[in-house]
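Please keep the structure in view while reading.

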Amino acid sequence: MLSEERRVEQQSALTEPAAARLAAPDVRDEFGLETIDMSMGPQHPAMHGLLRLILELDGETVVRCDPVMGYLHRCQEKIAENRMYPAVIPLTDRLDYFANMHNEHGYVLAVEDLLDVEVPPRAEYIRVLMSELMRLASHIPSIGFLMLELGAFTPILYAFRERERIQTIFEAVTGARMMFHYIRIGGVKADLPPDIPQKIWDYIEGLESRFQNDFVDLIQGNEIFISRTRGVGKMTQEKAVEMGLTGPPLRCTGVDFDLRRDYPYSIYPELEFDVITDTAGDVEASYRIRIAECLQSIRLIKQCLEKMPEGAVMGDLGRRLRPKEGDGFGRVESPRGEFAVHIVSDGSDTPYRVHYRDPSFCNMQLLQEVVPGHYLPDIMPIMGLIDPVSGGWDK
Amino acid sequence: MPQVGQGILKGMGVTIRHLFQNKITRQYPEYKRDLPERSRGMLTVDMDRCIACLQCMRICPDHCISIEQEKRDADGSGKAKPYAVGFVIDDSRCMYCSLCVEVCPVNCIYHTEEFEAQAYNRLELARQFGERPVDPTIDPKPTVKKKPKAAKQAPKKEATA
(Lines give C-alpha, C1' and ligand atoms only; values in the text may rest on other atoms or scores of the structure.)
Protein backbone atom coordinates (compact mmCIF):
# COMPACT_ATOMS: atom_id res chain seq x y z
CA MET A 1 0.00 0.00 0.00
CA LEU A 2 1.22 3.43 -0.84
CA SER A 3 1.19 6.09 1.80
CA GLU A 4 -1.30 8.90 1.29
CA GLU A 5 1.49 11.37 0.59
CA ARG A 6 3.07 9.29 -2.09
CA ARG A 7 -0.22 8.47 -3.71
CA VAL A 8 -1.04 12.12 -4.11
CA GLU A 9 2.43 12.78 -5.47
CA GLN A 10 2.17 9.94 -7.98
CA GLN A 11 -1.29 10.88 -9.15
CA SER A 12 -0.34 14.44 -9.83
CA ALA A 13 2.73 13.24 -11.71
CA LEU A 14 0.67 10.89 -13.85
CA THR A 15 -2.43 12.83 -14.51
CA GLU A 16 -0.89 15.99 -15.82
CA PRO A 17 0.56 14.69 -19.13
CA ALA A 18 -2.31 12.25 -19.55
CA ALA A 19 -4.84 15.06 -19.23
CA ALA A 20 -2.94 17.14 -21.74
CA ARG A 21 -2.92 14.30 -24.24
CA LEU A 22 -6.61 13.61 -23.83
CA ALA A 23 -7.36 17.23 -24.52
CA ALA A 24 -5.44 17.11 -27.82
CA PRO A 25 -7.94 16.13 -30.52
CA ASP A 26 -5.56 14.15 -32.80
CA VAL A 27 -5.06 11.25 -30.39
CA ARG A 28 -8.79 10.62 -29.81
CA ASP A 29 -10.95 8.53 -32.09
CA GLU A 30 -14.72 8.88 -32.56
CA PHE A 31 -15.39 7.15 -29.23
CA GLY A 32 -13.17 9.54 -27.33
CA LEU A 33 -10.43 6.94 -26.83
CA GLU A 34 -6.77 7.57 -27.32
CA THR A 35 -4.06 5.43 -28.86
CA ILE A 36 -1.68 3.50 -26.60
CA ASP A 37 2.09 3.38 -26.92
CA MET A 38 3.51 -0.07 -26.33
CA SER A 39 7.00 -1.45 -26.38
CA MET A 40 7.42 -4.95 -27.81
CA GLY A 41 10.77 -6.48 -26.94
CA PRO A 42 13.76 -6.53 -26.68
CA GLN A 43 13.11 -9.37 -24.23
CA HIS A 44 9.92 -10.66 -25.78
CA PRO A 45 9.51 -14.44 -26.03
CA ALA A 46 8.21 -14.28 -29.58
CA MET A 47 10.62 -11.64 -30.89
CA HIS A 48 13.41 -12.45 -33.32
CA GLY A 49 16.56 -11.83 -31.34
CA LEU A 50 17.00 -8.54 -29.53
CA LEU A 51 14.67 -6.21 -31.36
CA ARG A 52 12.47 -3.60 -29.76
CA LEU A 53 9.39 -2.34 -31.58
CA ILE A 54 7.73 0.86 -30.42
CA LEU A 55 4.10 0.38 -31.32
CA GLU A 56 1.25 2.83 -31.30
CA LEU A 57 -1.95 0.87 -30.96
CA ASP A 58 -5.50 1.90 -31.73
CA GLY A 59 -7.34 -0.91 -30.03
CA GLU A 60 -5.68 -3.94 -31.57
CA THR A 61 -4.67 -2.20 -34.78
CA VAL A 62 -1.13 -0.93 -35.17
CA VAL A 63 -0.92 2.72 -36.15
CA ARG A 64 2.84 3.15 -35.99
CA CYS A 65 5.70 0.67 -35.72
CA ASP A 66 9.27 1.84 -35.16
CA PRO A 67 12.02 -0.77 -34.82
CA VAL A 68 14.81 0.08 -32.37
CA MET A 69 18.07 -1.74 -33.02
CA GLY A 70 21.41 -1.82 -31.29
CA TYR A 71 20.93 -4.25 -28.42
CA LEU A 72 23.49 -6.65 -29.89
CA HIS A 73 25.92 -4.11 -31.30
CA ARG A 74 29.49 -5.42 -31.09
CA CYS A 75 31.48 -2.85 -33.13
CA GLN A 76 32.29 -5.49 -35.74
CA GLU A 77 33.35 -2.92 -38.33
CA LYS A 78 35.63 -1.07 -35.94
CA ILE A 79 37.27 -4.24 -34.59
CA ALA A 80 37.98 -5.29 -38.18
CA GLU A 81 40.06 -2.13 -38.66
CA ASN A 82 42.56 -3.34 -36.07
CA ARG A 83 42.99 -6.85 -37.43
CA MET A 84 45.00 -8.27 -40.27
CA TYR A 85 43.03 -9.25 -43.37
CA PRO A 86 42.88 -13.03 -42.71
CA ALA A 87 41.94 -12.51 -39.05
CA VAL A 88 38.72 -10.68 -39.98
CA ILE A 89 37.19 -13.87 -41.48
CA PRO A 90 36.33 -15.44 -38.08
CA LEU A 91 34.62 -12.16 -37.16
CA THR A 92 32.37 -12.27 -40.22
CA ASP A 93 31.10 -15.64 -38.97
CA ARG A 94 29.54 -13.77 -36.07
CA LEU A 95 27.51 -11.39 -38.23
CA ASP A 96 24.54 -13.30 -39.59
CA TYR A 97 24.96 -16.49 -37.60
CA PHE A 98 22.45 -18.40 -39.71
CA ALA A 99 24.37 -17.83 -42.94
CA ASN A 100 28.03 -17.83 -41.86
CA MET A 101 29.38 -19.23 -45.13
CA HIS A 102 27.81 -16.40 -47.10
CA ASN A 103 29.37 -13.79 -44.81
CA GLU A 104 32.80 -15.36 -45.23
CA HIS A 105 32.31 -15.62 -48.97
CA GLY A 106 31.30 -11.97 -49.27
CA TYR A 107 34.27 -10.72 -47.27
CA VAL A 108 36.72 -12.97 -49.10
CA LEU A 109 35.40 -11.80 -52.49
CA ALA A 110 36.03 -8.20 -51.43
CA VAL A 111 39.63 -8.91 -50.37
CA GLU A 112 40.26 -10.90 -53.55
CA ASP A 113 38.96 -7.92 -55.50
CA LEU A 114 41.72 -5.85 -53.84
CA LEU A 115 44.44 -8.45 -54.35
CA ASP A 116 43.65 -9.92 -57.80
CA VAL A 117 44.22 -13.51 -56.69
CA GLU A 118 43.57 -16.51 -58.88
CA VAL A 119 41.27 -18.93 -57.04
CA PRO A 120 41.59 -22.59 -58.08
CA PRO A 121 38.41 -24.02 -59.68
CA ARG A 122 38.05 -26.78 -57.09
CA ALA A 123 38.02 -24.18 -54.32
CA GLU A 124 35.27 -22.26 -56.13
CA TYR A 125 33.17 -25.41 -56.40
CA ILE A 126 33.66 -26.20 -52.71
CA ARG A 127 32.68 -22.63 -51.80
CA VAL A 128 29.45 -22.86 -53.79
CA LEU A 129 28.72 -26.34 -52.44
CA MET A 130 29.10 -25.10 -48.87
CA SER A 131 27.11 -21.92 -49.57
CA GLU A 132 24.18 -23.88 -50.94
CA LEU A 133 24.25 -26.30 -48.01
CA MET A 134 24.25 -23.22 -45.78
CA ARG A 135 21.23 -21.86 -47.66
CA LEU A 136 19.39 -25.12 -46.92
CA ALA A 137 20.44 -24.93 -43.28
CA SER A 138 19.08 -21.38 -43.13
CA HIS A 139 15.87 -21.63 -45.20
CA ILE A 140 14.53 -24.78 -43.51
CA PRO A 141 14.65 -23.29 -39.97
CA SER A 142 13.23 -20.04 -41.42
CA ILE A 143 10.13 -21.98 -42.41
CA GLY A 144 10.10 -23.50 -38.94
CA PHE A 145 10.42 -20.08 -37.28
CA LEU A 146 7.52 -18.73 -39.32
CA MET A 147 5.35 -21.61 -38.10
CA LEU A 148 6.59 -21.15 -34.54
CA GLU A 149 5.43 -17.56 -34.67
CA LEU A 150 1.97 -18.75 -35.68
CA GLY A 151 1.93 -21.11 -32.70
CA ALA A 152 2.86 -24.39 -34.39
CA PHE A 153 5.67 -26.09 -32.53
CA THR A 154 6.21 -29.26 -34.62
CA PRO A 155 7.79 -27.79 -37.78
CA ILE A 156 10.65 -26.17 -35.85
CA LEU A 157 11.62 -29.57 -34.45
CA TYR A 158 11.66 -31.14 -37.90
CA ALA A 159 13.55 -28.11 -39.24
CA PHE A 160 16.24 -28.30 -36.60
CA ARG A 161 16.63 -32.02 -37.16
CA GLU A 162 17.51 -31.25 -40.78
CA ARG A 163 19.80 -28.39 -39.75
CA GLU A 164 21.54 -30.71 -37.31
CA ARG A 165 22.32 -33.16 -40.10
CA ILE A 166 23.77 -30.38 -42.26
CA GLN A 167 25.79 -29.12 -39.30
CA THR A 168 27.28 -32.58 -38.88
CA ILE A 169 28.51 -32.37 -42.46
CA PHE A 170 29.92 -28.89 -41.80
CA GLU A 171 31.65 -30.12 -38.67
CA ALA A 172 33.40 -32.90 -40.56
CA VAL A 173 34.50 -30.49 -43.33
CA THR A 174 35.39 -27.34 -41.39
CA GLY A 175 35.90 -28.49 -37.79
CA ALA A 176 33.16 -26.32 -36.28
CA ARG A 177 29.41 -26.43 -36.28
CA MET A 178 28.62 -22.76 -36.72
CA MET A 179 31.72 -20.56 -36.65
CA PHE A 180 33.39 -22.23 -39.59
CA HIS A 181 36.35 -20.04 -40.60
CA TYR A 182 36.58 -22.20 -43.71
CA ILE A 183 36.54 -19.95 -46.77
CA ARG A 184 39.93 -18.21 -46.92
CA ILE A 185 41.46 -15.52 -49.06
CA GLY A 186 42.58 -17.36 -52.19
CA GLY A 187 40.67 -20.59 -51.68
CA VAL A 188 39.35 -22.70 -48.83
CA LYS A 189 41.08 -23.95 -45.69
CA ALA A 190 41.30 -27.64 -46.63
CA ASP A 191 40.01 -30.08 -49.18
CA LEU A 192 36.85 -32.07 -48.48
CA PRO A 193 37.50 -35.24 -46.48
CA PRO A 194 37.39 -38.28 -48.84
CA ASP A 195 34.09 -39.70 -47.54
CA ILE A 196 32.19 -36.40 -47.45
CA PRO A 197 31.01 -36.08 -51.12
CA GLN A 198 29.21 -39.42 -50.81
CA LYS A 199 27.72 -38.38 -47.44
CA ILE A 200 26.42 -35.11 -48.88
CA TRP A 201 24.97 -36.98 -51.85
CA ASP A 202 23.17 -39.49 -49.61
CA TYR A 203 21.85 -36.71 -47.40
CA ILE A 204 20.57 -34.67 -50.34
CA GLU A 205 18.84 -37.70 -51.89
CA GLY A 206 17.12 -38.43 -48.59
CA LEU A 207 16.18 -34.78 -48.07
CA GLU A 208 14.46 -34.58 -51.45
CA SER A 209 11.91 -37.22 -50.43
CA ARG A 210 11.67 -36.07 -46.81
CA PHE A 211 11.09 -32.48 -47.85
CA GLN A 212 7.73 -33.22 -49.48
CA ASN A 213 6.56 -35.30 -46.52
CA ASP A 214 7.83 -33.27 -43.60
CA PHE A 215 7.41 -29.69 -44.73
CA VAL A 216 5.11 -29.43 -47.74
CA ASP A 217 2.47 -31.92 -46.54
CA LEU A 218 2.66 -30.66 -42.99
CA ILE A 219 2.17 -26.99 -43.77
CA GLN A 220 0.76 -26.43 -47.25
CA GLY A 221 -3.04 -26.34 -47.29
CA ASN A 222 -3.31 -26.06 -43.52
CA GLU A 223 -6.36 -23.85 -42.94
CA ILE A 224 -4.92 -22.10 -39.89
CA PHE A 225 -1.71 -21.32 -41.76
CA ILE A 226 -3.62 -19.91 -44.73
CA SER A 227 -5.92 -17.76 -42.63
CA ARG A 228 -2.98 -16.30 -40.70
CA THR A 229 -0.67 -15.60 -43.64
CA ARG A 230 -2.68 -14.99 -46.83
CA GLY A 231 -2.87 -11.27 -47.51
CA VAL A 232 -0.79 -10.44 -44.43
CA GLY A 233 2.13 -8.10 -45.01
CA LYS A 234 1.02 -7.42 -48.55
CA MET A 235 3.16 -5.00 -50.53
CA THR A 236 3.48 -3.93 -54.13
CA GLN A 237 6.49 -4.34 -56.41
CA GLU A 238 7.11 -0.59 -56.52
CA LYS A 239 7.09 -0.33 -52.76
CA ALA A 240 9.46 -3.28 -52.38
CA VAL A 241 11.95 -1.78 -54.83
CA GLU A 242 11.62 1.65 -53.19
CA MET A 243 12.44 0.17 -49.80
CA GLY A 244 15.53 -1.52 -51.23
CA LEU A 245 14.49 -5.03 -50.24
CA THR A 246 16.48 -8.00 -51.47
CA GLY A 247 16.10 -11.74 -51.22
CA PRO A 248 12.82 -13.57 -50.58
CA PRO A 249 10.90 -10.42 -49.43
CA LEU A 250 11.66 -8.82 -52.81
CA ARG A 251 11.10 -11.92 -54.92
CA CYS A 252 7.75 -12.69 -53.27
CA THR A 253 6.37 -9.50 -54.84
CA GLY A 254 7.35 -10.65 -58.32
CA VAL A 255 10.61 -8.75 -58.90
CA ASP A 256 12.93 -11.14 -60.70
CA PHE A 257 16.25 -10.33 -59.05
CA ASP A 258 18.90 -12.72 -57.80
CA LEU A 259 22.57 -11.79 -57.48
CA ARG A 260 23.63 -15.32 -58.38
CA ARG A 261 22.19 -14.82 -61.86
CA ASP A 262 22.22 -11.03 -62.39
CA TYR A 263 25.65 -10.19 -60.95
CA PRO A 264 27.26 -13.63 -61.11
CA TYR A 265 30.18 -14.46 -58.85
CA SER A 266 32.19 -17.61 -58.31
CA ILE A 267 31.01 -20.45 -60.60
CA TYR A 268 27.28 -19.69 -60.65
CA PRO A 269 27.27 -18.95 -64.43
CA GLU A 270 28.28 -22.57 -65.06
CA LEU A 271 25.41 -24.00 -63.01
CA GLU A 272 21.74 -24.32 -63.91
CA PHE A 273 19.09 -23.04 -61.55
CA ASP A 274 15.86 -21.06 -61.61
CA VAL A 275 15.17 -17.80 -59.83
CA ILE A 276 11.91 -18.30 -57.96
CA THR A 277 9.37 -15.47 -57.93
CA ASP A 278 5.83 -15.16 -56.69
CA THR A 279 3.22 -12.48 -57.32
CA ALA A 280 1.24 -12.38 -54.09
CA GLY A 281 3.78 -10.37 -52.05
CA ASP A 282 2.51 -11.58 -48.68
CA VAL A 283 3.78 -13.90 -45.96
CA GLU A 284 2.41 -17.02 -47.64
CA ALA A 285 4.28 -16.13 -50.84
CA SER A 286 7.56 -15.79 -48.95
CA TYR A 287 6.97 -19.25 -47.48
CA ARG A 288 6.41 -20.69 -50.98
CA ILE A 289 9.60 -18.94 -52.19
CA ARG A 290 11.68 -20.47 -49.40
CA ILE A 291 10.30 -23.96 -50.07
CA ALA A 292 11.06 -23.65 -53.79
CA GLU A 293 14.54 -22.20 -53.19
CA CYS A 294 15.42 -25.18 -51.03
CA LEU A 295 14.67 -27.46 -53.98
CA GLN A 296 16.84 -25.23 -56.22
CA SER A 297 19.67 -25.49 -53.69
CA ILE A 298 19.41 -29.27 -53.81
CA ARG A 299 19.71 -29.02 -57.61
CA LEU A 300 22.80 -26.81 -57.30
CA ILE A 301 24.48 -29.10 -54.77
CA LYS A 302 23.99 -32.10 -57.05
CA GLN A 303 25.54 -30.21 -59.99
CA CYS A 304 28.48 -29.10 -57.81
CA LEU A 305 29.18 -32.66 -56.72
CA GLU A 306 28.94 -33.97 -60.29
CA LYS A 307 31.09 -31.31 -61.90
CA MET A 308 33.69 -30.85 -59.16
CA PRO A 309 37.19 -30.83 -60.69
CA GLU A 310 40.33 -32.19 -59.05
CA GLY A 311 43.22 -29.99 -58.05
CA ALA A 312 44.46 -27.59 -55.42
CA VAL A 313 42.13 -25.73 -53.08
CA MET A 314 44.36 -22.79 -52.19
CA GLY A 315 45.76 -20.10 -54.47
CA ASP A 316 49.29 -18.76 -54.32
CA LEU A 317 49.47 -15.99 -51.75
CA GLY A 318 52.25 -14.24 -49.92
CA ARG A 319 52.69 -14.84 -46.22
CA ARG A 320 51.69 -11.33 -45.26
CA LEU A 321 48.84 -9.74 -47.17
CA ARG A 322 49.37 -6.12 -48.06
CA PRO A 323 46.84 -5.12 -50.71
CA LYS A 324 47.48 -1.99 -52.75
CA GLU A 325 45.62 1.17 -51.86
CA GLY A 326 42.06 1.22 -53.15
CA ASP A 327 38.62 -0.22 -52.73
CA GLY A 328 37.41 -3.80 -52.78
CA PHE A 329 33.83 -4.84 -53.16
CA GLY A 330 32.16 -8.22 -52.82
CA ARG A 331 28.50 -9.16 -52.87
CA VAL A 332 26.78 -12.49 -52.46
CA GLU A 333 23.20 -13.68 -52.37
CA SER A 334 22.73 -14.75 -48.79
CA PRO A 335 19.51 -16.59 -47.78
CA ARG A 336 18.11 -13.29 -46.52
CA GLY A 337 19.11 -11.11 -49.46
CA GLU A 338 22.15 -9.26 -50.69
CA PHE A 339 25.15 -9.38 -48.38
CA ALA A 340 27.84 -6.96 -49.54
CA VAL A 341 31.22 -5.96 -48.15
CA HIS A 342 33.14 -2.81 -48.99
CA ILE A 343 36.78 -2.59 -47.91
CA VAL A 344 39.01 0.45 -48.19
CA SER A 345 42.71 -0.33 -48.06
CA ASP A 346 45.48 2.11 -47.19
CA GLY A 347 48.25 -0.25 -48.22
CA SER A 348 48.95 -1.62 -44.73
CA ASP A 349 48.18 -5.13 -43.51
CA THR A 350 44.98 -4.07 -41.76
CA PRO A 351 41.92 -2.68 -43.55
CA TYR A 352 41.36 1.06 -43.31
CA ARG A 353 37.59 0.62 -43.28
CA VAL A 354 35.24 -2.33 -43.60
CA HIS A 355 31.56 -1.89 -44.23
CA TYR A 356 28.97 -4.65 -44.26
CA ARG A 357 25.64 -4.28 -45.98
CA ASP A 358 23.52 -6.84 -44.23
CA PRO A 359 20.14 -7.94 -45.63
CA SER A 360 18.61 -8.32 -42.15
CA PHE A 361 19.25 -4.64 -41.48
CA CYS A 362 18.12 -3.32 -44.86
CA ASN A 363 14.97 -5.45 -45.04
CA MET A 364 13.94 -4.29 -41.58
CA GLN A 365 12.50 -1.01 -42.87
CA LEU A 366 9.66 -3.06 -44.27
CA LEU A 367 8.23 -2.97 -40.74
CA GLN A 368 7.62 0.78 -40.71
CA GLU A 369 5.90 0.68 -44.08
CA VAL A 370 3.93 -2.54 -43.99
CA VAL A 371 2.93 -3.17 -40.37
CA PRO A 372 0.65 -0.09 -39.81
CA GLY A 373 -2.93 -1.18 -40.48
CA HIS A 374 -2.36 -4.77 -39.40
CA TYR A 375 -3.49 -6.33 -36.18
CA LEU A 376 -0.98 -6.74 -33.36
CA PRO A 377 -0.68 -10.57 -33.74
CA ASP A 378 0.15 -10.11 -37.44
CA ILE A 379 3.50 -8.53 -36.57
CA MET A 380 5.11 -11.88 -35.90
CA PRO A 381 4.23 -13.45 -39.29
CA ILE A 382 5.59 -10.29 -40.94
CA MET A 383 8.82 -10.77 -38.98
CA GLY A 384 8.82 -14.30 -40.40
CA LEU A 385 8.55 -12.78 -43.88
CA ILE A 386 11.71 -10.73 -43.33
CA ASP A 387 13.36 -13.43 -41.20
CA PRO A 388 16.00 -11.12 -39.67
CA VAL A 389 18.91 -12.33 -37.56
CA SER A 390 20.02 -10.04 -34.75
CA GLY A 391 23.71 -10.68 -35.38
CA GLY A 392 23.08 -9.35 -38.89
CA TRP A 393 21.18 -6.15 -38.20
CA ASP A 394 23.35 -5.03 -35.28
CA LYS A 395 26.82 -6.04 -36.49
CA MET B 1 -18.09 -28.02 -46.30
CA PRO B 2 -16.11 -31.24 -46.41
CA GLN B 3 -12.83 -29.60 -47.43
CA VAL B 4 -12.34 -27.55 -44.27
CA GLY B 5 -9.99 -29.35 -41.94
CA GLN B 6 -8.44 -31.50 -44.65
CA GLY B 7 -5.14 -29.61 -44.52
CA ILE B 8 -4.95 -29.97 -40.75
CA LEU B 9 -5.70 -33.71 -40.96
CA LYS B 10 -2.98 -34.15 -43.57
CA GLY B 11 -0.51 -32.43 -41.26
CA MET B 12 -1.64 -34.60 -38.34
CA GLY B 13 -0.87 -37.64 -40.50
CA VAL B 14 2.71 -36.44 -40.85
CA THR B 15 3.13 -36.04 -37.09
CA ILE B 16 1.60 -39.47 -36.40
CA ARG B 17 4.01 -41.06 -38.87
CA HIS B 18 6.88 -39.43 -37.02
CA LEU B 19 5.61 -40.91 -33.77
CA PHE B 20 6.63 -44.38 -34.91
CA GLN B 21 10.07 -43.43 -36.18
CA ASN B 22 13.27 -43.90 -34.25
CA LYS B 23 14.25 -41.24 -31.77
CA ILE B 24 17.05 -38.97 -32.93
CA THR B 25 17.80 -37.19 -29.66
CA ARG B 26 20.62 -38.33 -27.41
CA GLN B 27 21.15 -37.89 -23.70
CA TYR B 28 24.20 -35.65 -23.79
CA PRO B 29 26.19 -36.00 -20.55
CA GLU B 30 25.78 -39.78 -20.51
CA TYR B 31 26.20 -40.26 -24.22
CA LYS B 32 28.84 -38.33 -26.11
CA ARG B 33 29.04 -38.65 -29.87
CA ASP B 34 32.32 -39.10 -31.69
CA LEU B 35 33.85 -35.88 -32.87
CA PRO B 36 35.22 -35.66 -36.41
CA GLU B 37 38.93 -35.57 -37.03
CA ARG B 38 38.99 -31.85 -37.84
CA SER B 39 36.99 -30.88 -34.77
CA ARG B 40 38.37 -27.74 -33.12
CA GLY B 41 38.40 -28.14 -29.36
CA MET B 42 40.52 -26.53 -26.68
CA LEU B 43 44.14 -25.83 -27.57
CA THR B 44 47.12 -27.59 -26.08
CA VAL B 45 50.88 -27.18 -26.50
CA ASP B 46 53.63 -29.74 -26.68
CA MET B 47 56.34 -27.74 -24.87
CA ASP B 48 59.17 -30.13 -25.86
CA ARG B 49 58.74 -29.20 -29.51
CA CYS B 50 58.07 -25.46 -29.07
CA ILE B 51 60.85 -23.31 -30.52
CA ALA B 52 59.46 -20.03 -29.07
CA CYS B 53 59.12 -18.41 -32.47
CA LEU B 54 56.13 -16.39 -31.13
CA GLN B 55 54.23 -16.73 -34.40
CA CYS B 56 51.08 -18.06 -32.68
CA MET B 57 51.17 -15.13 -30.26
CA ARG B 58 51.46 -12.64 -33.11
CA ILE B 59 48.71 -14.10 -35.31
CA CYS B 60 46.15 -14.64 -32.53
CA PRO B 61 43.33 -12.13 -33.18
CA ASP B 62 42.05 -12.29 -29.60
CA HIS B 63 45.48 -12.07 -27.93
CA CYS B 64 44.80 -15.19 -25.89
CA ILE B 65 48.34 -16.61 -26.10
CA SER B 66 51.14 -15.05 -24.03
CA ILE B 67 54.69 -16.40 -24.14
CA GLU B 68 57.63 -15.46 -21.94
CA GLN B 69 60.81 -16.02 -23.89
CA GLU B 70 64.40 -16.41 -22.76
CA LYS B 71 67.72 -17.35 -24.42
CA ARG B 72 68.79 -20.73 -23.10
CA ASP B 73 70.97 -23.63 -24.15
CA ALA B 74 68.25 -26.24 -23.76
CA ASP B 75 69.56 -29.08 -25.99
CA GLY B 76 73.18 -28.86 -24.85
CA SER B 77 74.57 -27.74 -28.20
CA GLY B 78 76.45 -24.88 -26.57
CA LYS B 79 74.36 -22.32 -28.44
CA ALA B 80 71.76 -20.19 -26.67
CA LYS B 81 68.44 -20.40 -28.51
CA PRO B 82 65.03 -18.84 -27.76
CA TYR B 83 63.21 -20.94 -25.20
CA ALA B 84 59.63 -20.55 -23.93
CA VAL B 85 59.81 -20.43 -20.13
CA GLY B 86 56.21 -19.34 -19.80
CA PHE B 87 53.31 -20.24 -22.07
CA VAL B 88 49.69 -19.43 -21.27
CA ILE B 89 46.53 -19.95 -23.31
CA ASP B 90 43.56 -17.98 -22.03
CA ASP B 91 40.48 -19.99 -23.00
CA SER B 92 38.15 -17.24 -21.86
CA ARG B 93 39.33 -15.21 -24.85
CA CYS B 94 39.95 -17.95 -27.42
CA MET B 95 37.44 -18.19 -30.27
CA TYR B 96 38.84 -21.43 -31.75
CA CYS B 97 39.67 -19.88 -35.12
CA SER B 98 42.65 -22.25 -35.58
CA LEU B 99 44.97 -19.55 -36.96
CA CYS B 100 47.72 -20.39 -34.44
CA VAL B 101 47.57 -24.08 -35.36
CA GLU B 102 47.99 -23.26 -39.05
CA VAL B 103 50.90 -20.89 -38.51
CA CYS B 104 52.97 -23.11 -36.15
CA PRO B 105 56.10 -24.30 -38.01
CA VAL B 106 56.71 -27.35 -35.76
CA ASN B 107 53.04 -28.35 -35.16
CA CYS B 108 53.45 -28.09 -31.42
CA ILE B 109 50.16 -26.26 -30.79
CA TYR B 110 47.07 -28.23 -31.73
CA HIS B 111 43.36 -28.72 -30.98
CA THR B 112 42.23 -31.46 -28.63
CA GLU B 113 38.79 -33.07 -28.51
CA GLU B 114 38.12 -31.33 -25.21
CA PHE B 115 35.31 -28.80 -25.52
CA GLU B 116 33.75 -28.53 -22.07
CA ALA B 117 35.49 -25.43 -20.74
CA GLN B 118 33.70 -24.10 -17.71
CA ALA B 119 34.92 -22.50 -14.49
CA TYR B 120 33.71 -20.32 -11.65
CA ASN B 121 36.44 -17.77 -12.27
CA ARG B 122 37.78 -16.34 -15.51
CA LEU B 123 41.36 -16.85 -14.42
CA GLU B 124 40.81 -20.59 -14.01
CA LEU B 125 40.39 -20.79 -17.76
CA ALA B 126 43.95 -19.59 -18.35
CA ARG B 127 46.01 -22.76 -18.72
CA GLN B 128 49.75 -22.60 -18.03
CA PHE B 129 52.12 -24.81 -20.01
CA GLY B 130 55.56 -23.43 -19.18
CA GLU B 131 57.72 -23.80 -16.09
CA ARG B 132 57.03 -20.24 -15.03
CA PRO B 133 53.44 -18.94 -14.85
CA VAL B 134 52.61 -15.94 -17.04
CA ASP B 135 49.96 -13.40 -16.15
CA PRO B 136 47.20 -13.93 -18.72
CA THR B 137 45.53 -10.59 -18.00
CA ILE B 138 48.39 -8.62 -19.54
CA ASP B 139 47.61 -7.94 -23.17
CA PRO B 140 50.66 -9.27 -25.04
CA LYS B 141 50.00 -7.17 -28.10
CA PRO B 142 48.01 -3.97 -27.51
CA THR B 143 46.18 -2.88 -30.63
CA VAL B 144 47.53 0.40 -31.91
CA LYS B 145 46.44 1.53 -35.31
CA LYS B 146 49.45 2.21 -37.48
CA LYS B 147 49.98 5.79 -38.46
CA PRO B 148 49.64 6.61 -42.15
CA LYS B 149 52.81 6.23 -44.17
CA ALA B 150 53.36 9.93 -44.80
CA ALA B 151 53.33 10.78 -41.11
CA LYS B 152 55.76 7.98 -40.38
CA GLN B 153 58.35 9.04 -42.96
CA ALA B 154 58.39 12.72 -42.09
CA PRO B 155 60.19 12.51 -38.71
CA LYS B 156 62.74 10.03 -40.16
CA LYS B 157 63.98 12.59 -42.67
CA GLU B 158 64.44 15.12 -39.94
CA ALA B 159 66.51 12.70 -37.93
CA THR B 160 68.88 11.94 -40.81
CA ALA B 161 69.25 15.59 -41.80
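Two strands pair if DSSP finds at least two bridges between them. Strands (E, at least two residues) and helices (H or I, at least four residues) are DSSP runs, numbered from the N terminus. The model is predicted: local features need pLDDT of at least 70, side-chain atom pairs count only at pLDDT 80 or more, and totals for chains, interfaces and linings use all residues. Residues are numbered from 1 along each chain as its sequence is written, while chains are lettered from A and ligands numbered from 1 in the order in which they are written.

In chain A, an open sheet is formed by 3 strands in the order 1-2-3, with antiparallel pairing. Strand 1 (36-40) and strand 3 (61-68) of chain A each have a single partner strand and stand at the edges, so one side of each is left without a neighbour in the sheet. Ignoring direction, neighbouring strands of this sheet are turned by 20 degrees against each other on average; axes here are lines fitted to C-alpha atoms, for helices over the stretch in contact, and angles run from 0 to 180 degrees between N-to-C directions. Strand 2 (residues 52-58) of chain A is joined to strand 3 of chain A by 7 bridges. Leu55(A) stands opposite Cys65(A) in strand 3 of chain A.

Chain A has 16 helices and 8 strands. The axes of helix 5 (residues 121-149) and helix 15 (residues 379-386) of chain A come within 8 Å and cross at roughly 175 degrees. Helix 5 and helix 15 of chain A are therefore roughly antiparallel to each other, a label for angles over 145 degrees. Phe145(A), Leu146(A) and Glu149(A) in helix 5 meet Met380(A), Pro381(A), Met383(A) and Gly384(A) in helix 15 of chain A, where contact means C-beta atoms, placed from the backbone, within 7 Å. By class, this contact of helix 5 with helix 15 of chain A has 5 nonpolar, 1 polar and 1 charged residues. Ala, Val, Leu, Ile, Met, Phe, Trp, Tyr, Cys and Pro count as nonpolar, Asp, Glu, Lys and Arg as charged, and the others, Gly among them, as polar.

Between the chains, 25 residues of chain A are in contact with 24 residues of chain B. Helix 6 (154-174), helix 7 (196-219) and helix 8 (223-229) of chain A are the elements that give two or more residues to the side of chain A that touches chain B. That side has 7 nonpolar, 10 polar and 8 charged residues. The predictor gives the complex an ipTM of 0.78 and a pTM of 0.84.

Technical notes
Two residues are in contact if their C-beta atoms, placed from the backbone, lie within 7 Å. Angles under 35 degrees count as roughly parallel, over 145 as roughly antiparallel, 65 to 115 as roughly perpendicular and the rest as oblique.
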